[in-house]
Amino acid sequence: MKIKCVLIDDEPLAIKVLQNYFTNFPDFEITGTFVNALEALDFINNNTVDAVFLDINMPMMTGFELISLIENKTKVIITTAFREFAAESYDLEVLDYLVKPIPLPRFIKCINKITTEYNLKNNIKVENHRAEPHLFIKVDKKMIKINIDEILFVEGMKEYIKVITLDKTYITHKSLTALSDELPVDRFMRIHKSYLIAVNKVKSIEGNRIQIQSYTLPIGRNYSKEVKSKILE
């Protein structure tokens with residue numbers, strides 16, 4: 001059974017962005033897209049809808065006004081270009097608050113929240129074993145899942161990064177800083193303006209060089225003290 005979603009936004013381009021994101025998640029189904037809040041409200045109140053992605057600033061009625069008129073317990077996710085409505089939205093018990101432009105990693109976190117709520121609501125038991133920590137990166141128009149434990153290091157290359165894992169190398173259009181924000185800080189660290197490493201994969205340190213498997217990486221002068229303190233502690 002798929003999780004049924006509705007997208008409501010008076011900007012067709014914003015709806016298109018979400019539709020493109022959803023193509024990576026086969027367990028979800030978009031059952032309706034609306035630029036008109038009244039039409040959307042009628043659909044939600046007369047059909048099974050598990051999650052609504054809702055813009056705040058729309059003609060005829062605001063997203064907050066629409067929320068107050070939803071008759072069932074459909075989960076609502078706010079999508080807006082404005083951060084200042086976050087507190088008010090949580091007073092209305094929205095499930096999540098996404099600020100445009102919505103980064104894909106942030107969207108994935110929202111998808112995980114919806115899935116958890118859906119499973120709880122429908123008494124769906126999830127396997128008890130803990131899933132491997134992972135992230136998704138876009139490679140050749142595909143979203144590739146990479147287990148965090150398999151990452152050796154990441155190299156920054158201007159507008160791209162190269163992710164080196166135990167058995168493969170991936171190149172994606174992303175900044176080193178952006179990827180760093182998605183990784184656990186206790187397991188990864190910057191050693192150079194162009195390199196981010198998995199601390200537990202370090203084989204040796206010699207001078208201002210780090211050895212990870214067959215790779216030798218430089219330690220930047222500004223990073224040297226912190227790197228050696230953390231790895232050699």
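Which residue is the bridge partner of valine 154 in β9? Valine 163 is. The views below show this pair and other local details of a predicted model, in which local features need pLDDT of at least 70, side-chain atom pairs count only at pLDDT 80 or more, and totals for chains, interfaces and linings use all residues. Residues are numbered from 1 along each chain as its sequence is written, and side-chain values use heavy atoms, with hydrogens and water left out.

**View 1. The open sheet is built from five strands.** Their order is β10-β9-β8-β12-β11, and the pairing is antiparallel. Strands of a sheet pair through backbone hydrogen bonds, either parallel or antiparallel. Two strands count as paired if DSSP finds at least two bridges between them. Helices (H or I, at least four residues) and strands (E, at least two) are DSSP runs, numbered from the N terminus. The edges are β10 (169-172) and β11 (188-192), each pairing on one side only. On average, neighbouring strands of this sheet are turned by 20° against each other, direction ignored. Six bridges join β8 (residues 151-157) and β9 (residues 160-165) in the antiparallel sense. Helix α7 (residues 224-231) packs on the sheet and touches β11 and β12 (195-198). Contact means heavy atoms within 4.5 Å. The direction of α7 makes about 140° with that of β11. Axes are lines fitted to C-alpha atoms, for helices over the stretch in contact, and angles run from 0 to 180 degrees between N-to-C directions.

**View 2. Serine 194 sits in the loop between β11 and β12.** Its relative accessibility is 19%, so serine 194 counts as buried. Buried means under 20% relative accessible area, exposed over 50%, and partly exposed in between (1.4 Å probe, protein chains only). Leaving out residues up to four places away in sequence, serine 194 touches Val154, Glu155, Gly156 and Leu176.

**View 3. Strands β6 and β7 form a hairpin with two residues between them.** Aspartate 140 in the turn has a positive phi of about 50°. β6 (residues 134-139) and β7 (residues 142-147) run antiparallel, joined by six bridges. Lysine 138 stands opposite methionine 143 in β7. Side chains alternate along β6. Leu135, Ile137 and Val139 point to one face and are buried.

**View 4. Helix α1 (residues 12-22) has buried residues Ala14, Ile15, Leu18, Tyr21 and Phe22.** Seen down the helix axis, these buried residues fall within an arc of 120°, so they line one face of α1. The arc is that of the directions from the helix axis to the C-beta atoms. The buried residues of α1 pack against β1 (3-8), β2 (28-34), β3 (51-54), β4 (75-80) and α5 (104-121). Pro12 and Leu13, on the other side of α1, are exposed.

**View 5. Aromatic pairs number eleven in a search of the whole structure.** Rings of Phe, Tyr and Trp (its six-membered ring) pair if their centres lie within 6.5 Å; planes under 30 degrees apart count as stacked, over 60 as edge-to-face and the rest as tilted. Tyrosine 21 and phenylalanine 107 form a tilted pair, 5.1 Å centre to centre with 45° between the planes. This pair links helix α1 to helix α5, with its residues 86 apart in the chain. Both tyrosine 21 and phenylalanine 107 are buried. The rings of phenylalanine 64 and phenylalanine 85 have centres 6.1 Å apart and planes at 75°, so this pair is edge-to-face. Phenylalanine 64 lies in helix α3 (residues 63-69) and phenylalanine 85 in the loop between β4 and α4 (86-91), so the pair ties together parts that are 21 residues apart in sequence. Phenylalanine 64 counts as buried at 11% relative accessibility. Phenylalanine 85 is partly exposed, at 23% relative accessible area. Ring pairs also link Tyr21, Phe22, Phe25, Phe28, Phe53 and Phe107 into a cluster.

**View 6. Aspartate 55 lies in the loop between β3 and α3.** An unreviewed UniProt entry places the feature "modified residue: 4-aspartylphosphate" at Asp55. UniProt positions are given in the numbering used here, feature names are shortened, and annotations may be inferred rather than shown by experiment. Aspartate 55 is buried, with a relative accessible area of 5%. Not counting residues up to four places away in sequence, aspartate 55 touches Ile8, Asp9, Asp10, Gly63, Thr79, Thr80 and Lys100.
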